[in-house]
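User: Please take a close look at one part of this model and describe the contact surfaces of a single chain. I would like one connected account.

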Amino acid sequence: MLPEALALAVRQAGGEALLLDSRHSRALISDASALVDICRNLQHAGFTRYVDFSGEHLEHGGEGDVFALRLTLRAPAHGHSALTLKWKFRLGADGPAHPTLSKVWPGAGVAEREIFEMLGLPFSGNDNLRPLLLDEQFIGNPLRLDFVGSARGRTAPRTRGAYEGEGGSRAAPTEGEAFNAADELERRYQAGVIEALRKEATG
Amino acid sequence: MIPLIPALQQVYDYQDALTVWEALRVWLNTEPIHGWRFTPFWSNALMLVSALIFIFLFELMLTVGIQIWERRVLGRMQQRWGPRLLGDINSRQFWRVFWPIVALLAFPAVLYGLEYWAKLDFGKFVPYATIACTFAAFGVYLIYVCGWLWRQGFADALKLFVKEDVAPLNADRFLFFIAPALAYLPSLLSWVVIPFGVAAVAGHYIYYQLANLNVGLLLIVADFSLFLVAIIISGYASNNKYALIGAMREAAELLTYEVPMLMSLLCVALFAGTLNLTEIVQAQTRTWAILPLLPAFVIFFIAAIAETNRPPFDLPEAQNELLGGFVVEYSGLRFALFYVAEYANIFLVCAEMTVCFLGGWQGPMFLGVDGLWLTSLFWFMLKTYALIWCFIWVRATMPRIRIDQIMFFSWKFLVPASVIAVAVSATGVAYRHPWFSANQIWQAGTHANEITGQVLGEYKLLSTAEALSQLTLPERAFFWLYSAFLVAAAAFLIGLAWRVLKSRRTHPLPRREVTWT
Amino acid sequence: MTRTSDRRVERRYDPLLTEPVVVSIGPQHPSLAAPLRLTVLADGELIERVTPEIGFMHRGVERLCQQRPWAACAGLLSRCEWLSGSCGDYLLSAAVEELTGIAPPPRALWLRTTVLELSRLASHLFWWGDLGLELGAITPIFWGLREREGALDLLAMLSGERYHHGYIVPGGVRHEPPADFYPALAAYLARLPKAFDAYEELFSDNAIWVNRAELIGVLESEHAMLSGASGPVLRASGVAHDLRKDAPYAAYSEVEFGVPTGEHHDALDRYRVRMQEMRESVRILSQCVGRLAGPDAVPGIVRRSELPLAVGELKPPAGEVYVALEGPRGELGLTAVSDGGPCPVRMHLRSPSLYHLHLLDELCRGYLLADIFVIYASLDIMVGEVDR
């Protein structure tokens with residue numbers, strides 16, 4: 001079936017195949033609006049095994065954050081050859097939400113919980129977006145570019161493309177814009193203490 | 001069949017047979033301390049207190065001892081040497097440690113042997129040497145065994161005793177307080193009736209037994225029911241839903257396994273014709289009850305493991321989700337009482353098996369009548385500890401059975417089997433099977449016990465051929481059928497053991513196979 | 001999803017209107033090897049729902065990898081899957097090699113196979129012992145750990161470390177094993193089949209274990225594949241997939257071994273599959289010994305020097321790659337994204353136990369409370385890689 005039928009399936013679904021290999025193919029989907037249909041088509045085409053779903057924070061900007069999402073599947077009928085789909089998603093304040101893939105592959109629902117808590121990217125349609133690994137009171141999304149670490153030590157905000165070989169450098173966010181989880185927690189705690197004292201004073 | 005020395009048949013002539021309680025009473029009545037006269041009330045009180053203290057201390061040492069021994073046995077079975085190096089004593093140097101005790105106990109034994117077999121006469125030296133060597137052996141035992149070998153166990157016990165007494169906030173104080181005592185009480189009571197051995201002293205035969213109850217067997221069974229009530233009380237009084245769930249499971253399991261236990265003891269009672277434990281021991285003179293009652297013994301063994309909550313039946317108490325079951329809220333001395341009660345129950349149930357099925361303290365009396373006090377105790381302890389070793393063996397081998405499977409196994413397998421065993425035993429009694437001692441000619445006793453006025457009967461033993469000649473045809477048919485069944489059962493068990501020792505599969509069903517690609 | 005032959009219990013009409021009780025197992029529990037919380041909603045003994053809560057061991061490995069040079073990430077990944085310590089090293093090495101396009105020399109492939117199979121044996125031996133312990137059998141844990149010590153001694157002979165070896169590096173393996181490694185390995189392999197026979201006699205044939213595991217935790221193949229199951233769990237559900245056969249890495253394409261699958265898809269099948277896998281590992285290792293020290297040994301160097309060993313010097317070119325290996329628990333994968341710098345941009349560990357743990361809910365429904373531990377042990381969950 002591979003690689004021609006795979007290329008056909010991906011193209012029909014609106015994507016673009018990058019690398020087709022009998023063992024591991026990569027495909028880039030430029031338009032993620034019909035993502036669920038693409039996934040269903042791929043499932044019918046033979047990719048019934050879900051393997052992995054992970055995300056990456058690409059851009060942090062005023063227009064919204066851009067994430068890269070990678071979904072890895074395997075086709076049991078074709079010797080379990082793998083396919084990694086990659087697409088980019090811009091999370092805007094008033095833009096559409098990312099659809100959930102948990103209706104297609106239940107295992108993806110677990111990974112969506114982790115992406116949500118690590119990157120702050122919600123998946124509409126997934127009811128169970130409780131934090132997976134982090135504490136419920138944790139503030140911040142650790143794998144974001146602007147996450148500056150915890151109360152123990154301050155790590156510098158991560159910069160990308162500061163090395164030769166990668167086209168385009170992306171500027172690091174300034175100190176004023178960086179979101180410091182420790183400061184936020186401290187601020188909320190102080191606010192709570194002040195609130196409690198005020199209540200006590202007024203009786 | 002025990003190869004008895006014919007001249008010792010007089011052991012079973014129990015005129016002037018006393019229990020330890022009665023012997024002590026007799027001794028106190030002879031005013032041992034000059035001028036002090038014990039009224040019945042004070043002698044009773046003194047004997048009761050000393051008996052309780054003695055039993056408690058013995059149970060404590062038993063708990064510690066069995067626990068340490070179990071760890072060493074498990075270590076040997078699991079092919080690891082660690083536990084056997086506990087304390088300063090390396091088990092590989094068994095003789096380096098134990099030769100004083102063995103020598104001190106062997107010396108009077110050798111003297112008794114010489115007196116009996118070589119007909120020498122050492123006069124008063126022998127009893128004095130016996131007493132001196134016994135005390136010396138006990139002293140060495142205290143220092144070596146309790147001091148070095150068991151010091152870990154005693155340290156654990158001491159730690160439990162000095163812990164802070166904590167009770168849950170909303171627990172029922174009174175029930176929380178009495179539950180451990182109520183769990184410990186039955187084991188204390190049951191020890192009163194077990195005959196550990198017999199001694200021939202100054203013309204009397206003294207049984208190592210505190211009370212020769214005519215319903216001794218029933219007392220032991222009733223004590224297990226009391227243990228059950230104590231568990232329910234402790235689970236409820238903990239004010240903890242998990243403790244309650246664990247207690248309910250435990251209660252269900254104990255209740256379920258009391259039925260086959262009771263039924264197999266009923267077989268023993270039918271075999272012996274009495275519930276008196278001393279008479280049950282004497283009823284096994286010709287043949288131990290295990291031979292005609294082999295299925296009842298197997299049923300009782302399994303039910304005993306379940307009753308004492310030993311693995312593989314310990315899901316209610318060692319379960320992974322309820323972490324201790326009904327004892328989860330108990331700590332310190334209260335927990336120590338439960339723990340001591342558990343180990344006392346193990347010893348008790350193994351002693352019960354010895355008394356009822358394995359002939360009690362009987363065995364070749366290789367030291368003559370004067371050495372009876374030692375040999376009877378030796379055989380009793382040997383058999384009891386062999387059974388405890390089997391308990392430990394089962395623990396090392398098997399995983400836990402799930403609670404519904406435990407119940408299924410009892411209700412659907414053990415209870416029908418034990419009912420059939422009771423029916424067959426009753427038929428044996430009715431059809432005068434010669435190996436059932438209840439069928440032997442019973443002679444009414446002629447001598448009354450001086451103290452209690454109890455008149456015990458005696459058994460007159462007929463040989464099998466003589467007894468067979470007196471049976472009618474259906475009775476003879478039953479005898480041969482039942483003997484054939486027993487031979488088949490014994491052959492089956494021996495064959496199974498042989499296969500296990502030859503390391504071949506014993507599981508009847510084929511092992512689950514995987515498919516290969 | 002329910003079969004007529006598995007032993008789930010249907011909820012009966014309950015006129016007493018009893019309430020289900022919440023039993024919380026963990027996070028500290030004598031039965032669990034690592035902190036994990038299972039909240040069980042049980043109607044008496046009958047399980048209605050099992051909710052796992054994870055994250056007690058979350059160390060932020062993925063974020064830490066972004067702040068460390070490439071070679072240092074091996075230690076972090078190895079500490080996620082600590083029972084088979086070389087899997088993390090292999091993932092990183094494979095990712096770097098695929099990004100740079102440099103393949104290790106043939107002798108290194110055989111050495112990698114040896115180390116990976118020894119890690120698999122170590123992990124399965126611990127799994128077997130722990131399974132017995134969770135069920136109340138106190139002997140398997142000692143025997144399993146005793147055999148595991150042999151494998152750990154061999155790995156320590158190779159690398160100096162028992163758990164986190166660091167022997168597999170980008171470019172090959174660190175160095176040639178010492179001369180006494182091969183006889184020691186051969187002696188270890190000679191005594192393993194007898195040990196496995198003893199294990200099967202003790203535990204696999206035990207009627208109590210078979211009754212507790214038969215038709216418990218039945219997982220259908222379709223649902224397993226959709227949920228992300230892999231490894232022995234997937235194979236016991238009837239899907240004959242092994243990455244060592246379907247997407248061979250290291251020297252697995254030249255090794256003969258079988259792939260066991262199960263027919264009944266229950267906990268007992270998962271157990272049998274892993275027991276047979278242990279024997280197949282011994283078979284693979286025997287072939288490795290032959291190809292490393294025998295007459296037809298593969299000659300050559302064991303590491304390509306183009307990939308520097310020094311921390312901080314390794315800078316794979318930009319790109320992204322997903323590499324996977326057949327770990328003892330399933331498909332252990334790594335998504336690595338590079339931008340040419342000394343630190344990776346994104347490392348995501350695909351942990352098989354994460355998806356197996358979230359299968360626990362559906363697998364446990366309708367069974368009894370005591371079956372949770374049978375099912376949990378048969379899934380072989382490693383909390384270190386679940387939480388990362």
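**Contacts of chain B**

Analyst: In this predicted model, the contact between chain B and chain C takes 28 residues from chain B and 37 residues from chain C. On the chain B side, the elements that give two or more residues are helix H11 (315-318), helix H13 (372-397), helix H14 (403-430) and strand S6 (515-516). H14(B) gives the most to this side, with 3 residues. Sorted by class, the side of chain B that touches chain C has 11 nonpolar, 8 polar and 9 charged residues.

Strand S6 of chain B also takes part in strand pairing across the contact: S6(B) and strand S6 (residues 260-261) of chain C run in the antiparallel sense and are joined over 2 bridges. Within this pairing, Trp516(B) stands opposite Pro260(C) in S6(C).

The domain assignment divides chain B into domain 1 (6-82 + 167-460 + 472-488) and domain 2 (87-162). Between them, 15 residues of domain 1 of chain B are in contact with 14 residues of domain 2 of chain B. Helix H2 (40-77) and helix H12 (333-357) of chain B each supply at least two residues of the domain 1 side. H2(B) gives the most to that side, with 6 residues. By class, the side of domain 1 of chain B that touches domain 2 of chain B holds 8 nonpolar, 5 polar and 2 charged residues.

Notes:
Residues are numbered from 1 along each chain as its sequence is written. Chains are lettered from A and ligands numbered from 1 in the order in which they are written. This is a predicted model: local features need pLDDT of at least 70, side-chain atom pairs count only at pLDDT 80 or more; totals for chains, interfaces and linings use all residues. Domain bounds come from an automatic or database domain assignment. Two residues are in contact if their C-beta atoms, placed from the backbone, lie within 7 Å. Helices (H or I, at least four residues) and strands (E, at least two) are DSSP runs, numbered from the N terminus. Ala, Val, Leu, Ile, Met, Phe, Trp, Tyr, Cys and Pro count as nonpolar, Asp, Glu, Lys and Arg as charged, and the others, Gly among them, as polar. Two strands pair if DSSP finds at least two bridges between them.
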